[in-house]
Amino acid sequence: MKKLTLATTILASLSLAACASNQGLEKIDSDFASLDNDSDGYISKVEADDDSIWGHFSNIDTNMDNEISRKEFNAYMQLNTGKVATDSEVSESAFKAKIAKFDKIENDFKSLDNDKNGYISVEEADDDDISNHFGYMDGNNDKRISKGEFKGYIKKYGKAVAEDDALKVLRHS
C-alpha cells in the first residue's frame, strides 16, 4: 500500500510540474509568419531572440536543430492551447492552419526551379510566392524542395493549394 501511495504521489508531482512548465513564460503573441522574418519556413534563434517566443524556443524545437519549423510551432501551440497563445491571429495560425487559406501555387515544379538544379530553394520559393508552403513541403528539413516533395504535397492537398499549372505535375508523373 505504501508503494502505491508513493507511486501516486510521484505521478501527481510530475503531472503538476508538467502543467506548471509554461507558467511564468511570456505568452506568444505573434503568428508563425510574423516570426519567420526571412520567410524561409523556419524560425531561427536569431529571429526568436527579441520575441515572446524566446522563452518557449527549446520546448518548441523538438528535434533540437536550433530552428522551429511550422510543424513544430503548430504542434506546440495545439498542445498548449490557452496557456501560451492569446490573440486570435495566433490561434488561427497555430490551431487552424488550413493550407487552403494560403496563396495558391500557380506554377509547376519546372518553372519554380529557376536554376534548374532539381530543387526549389528558399530564395526561389520566395521569388515565386510559395514561401507560405515551404515549411510544409520541405519534409526532410534540408531547406530545399525536391520534385518528389513538391509532387507529394500537391497530391496530398490538390486543388486546395494548387492551380492548374501546378496540378500538371501529377498528370505527368
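Visitor: Where is E106 found?

Guide: This is a predicted model. E106 sits in the loop between α6 (88-95) and α7.

Visitor: Is E106 buried, exposed or partly exposed, and why?

Guide: Buried means under 20% relative accessible area, exposed over 50%, and partly exposed lies in between. E106 has 49% relative accessibility, so it counts as partly exposed.

Visitor: Now the inside. What is the general idea for nonpolar side chains?

Guide: In soluble globular proteins, they tend to be buried together. Here, the largest nonpolar core has 19 residues. I105, I120, F150, Y153 and I154 have the most contacts inside it.

Visitor: Which elements give two or more residues to this core?

Guide: Five helices are listed: α7 (109-112), α8 (122-127), α9 (131-137), α10 (147-157) and α11 (164-171).

Visitor: Take helix α8. Is E124 buried or exposed?

Guide: E124 lies in helix α8. Its relative accessible area is 6%, so E124 is buried.

Visitor: How many residues separate E124 and L112 along the chain?

Guide: They are 12 residues apart along the chain, and their C-alpha atoms are separated by 6.6 Å.

Visitor: What about S39 and A125: how far apart are they in sequence and in space?

Guide: They are 86 residues apart in sequence, and 9.2 Å apart in space, C-alpha to C-alpha. S39 is in the loop between α2 (32-35) and β1 (42-44). S39 counts as partly exposed because its relative accessibility is 26%.

Key
Residues numbered from 1 in each chain as written. Predicted model: local features only at pLDDT ≥ 70, side-chain atom pairs only at ≥ 80, totals over all residues. Heavy atoms only, no water. Core = buried A, V, L, I, M, F, W, Y, C linked by side-chain atoms within 4.5 Å. Buried < 20%, exposed > 50% of the residue type's maximum accessible area, 1.4 Å probe, protein only. Helix = DSSP H or I, 4+ residues; strand = E, 2+ residues; numbered from the N terminus.
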